[in-house]
Amino acid sequence: MSETPGDVVIRPYDSSDADAFWELKRGFELGIGEGTGGDDKLSTYEAKLTDDYRTRYLSWVDRCGTEDPGCVVVAEATGDGETEAEESELVGYAFVLPEEMTFIWDAAVLNEIFLAPDYRGTGVADELMEAVLDHARSQDLPLDRMVLDVDEANDRARAFYERYGFDHWGELVARDL
């Protein structure tokens with residue numbers, strides 16, 4: 001565990017985090033369409049956030065965390081607990097695919113990283129990134145690199161990844177099934 005500015009602790013995900021983690025995941029998914037693809041993109045991501053998807057996704061997160069402890073980390077803002085508003089809350093997460101999945105891209109894969117808007121620009125995203133980079137370095141990778149998918153219109157995310165030395169490497173293309 002590491003401490004970050006503002007009493008935020010970076011720690012491994014635990015299944016007891018599921019409800020708060022899901023709210024962050026919703027923020028991640030809804031943020032994907034925000035300002036980067038119009039209403040069609042946003043509605044596509046909104047539509048997938050069903051109860052069934054929630055159950056399946058959280059089950060998968062649990063399995064990944066069990067199979068490769070540390071591949072999913074959370075940022076927990078800690079309070080002193082004296083008032084309800086000062087209790088601990090999850091404010092972000094980062095998710096590197098488990099080691100057994102590194103053959104998907106022959107590298108570590110940063111599946112998701114998300115930070116609640118109120119904590120952006122505080123250094124917490126840097127702590128999350130360092131935690132997943134450290135974890136990826138511990139994986140037995142076919143190629144010593146980390147890959148991720150980022151929308152070319154998401155200037156803030158692209159600048160964050162460039163700060164960490166990520167370079168354009170190929171192009172991801174997609175089609176409907």
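This is a predicted model: local features need pLDDT of at least 70, side-chain atom pairs count only at pLDDT 80 or more; totals for chains, interfaces and linings use all residues.
The crossing of helix 1 and helix 3 is right-handed.

Residues from both helices form the contact. Helix 1 contributes Ala18, Asp19, Phe21, Trp22, Lys25 and Glu29. Helix 3 contributes Tyr53, Arg54, Tyr57, Leu58 and Val61. Seven of the residues in this contact are nonpolar and four are charged. No polar residue takes part in the contact of helix 1 with helix 3.

The cysteines were examined next. A disulfide is a covalent bond between the sulfur atoms of two cysteines. The structure holds zero disulfides. For a pair to count, the sulfur atoms must lie within 2.5 Å. The cysteine sulfur closest to that of Cys64 belongs to Cys71, at 5.3 Å. This distance is too far for a bond. For Cys71, in turn, the closest cysteine sulfur is that of Cys64, again 5.3 Å away and too far for a bond.

Under 20% relative accessible area, a residue counts as buried. Cys64 has a relative accessibility of 1%, so Cys64 is buried. Cys71 has a relative accessible area of 0%, so Cys71 is buried too.

Conventions:
Residues are numbered from 1 along each chain as its sequence is written. Side-chain values use heavy atoms; hydrogens and water are left out. A crossing is left-handed if the near helix is turned anticlockwise from the far one by less than a right angle, and right-handed if clockwise. Helices (H or I, at least four residues) and strands (E, at least two) are DSSP runs, numbered from the N terminus. Contact means heavy atoms within 4.5 Å. Ala, Val, Leu, Ile, Met, Phe, Trp, Tyr, Cys and Pro count as nonpolar, Asp, Glu, Lys and Arg as charged, and the others, Gly among them, as polar. Buried means under 20% relative accessible area, exposed over 50%, partly exposed in between (1.4 Å probe, protein chains only).
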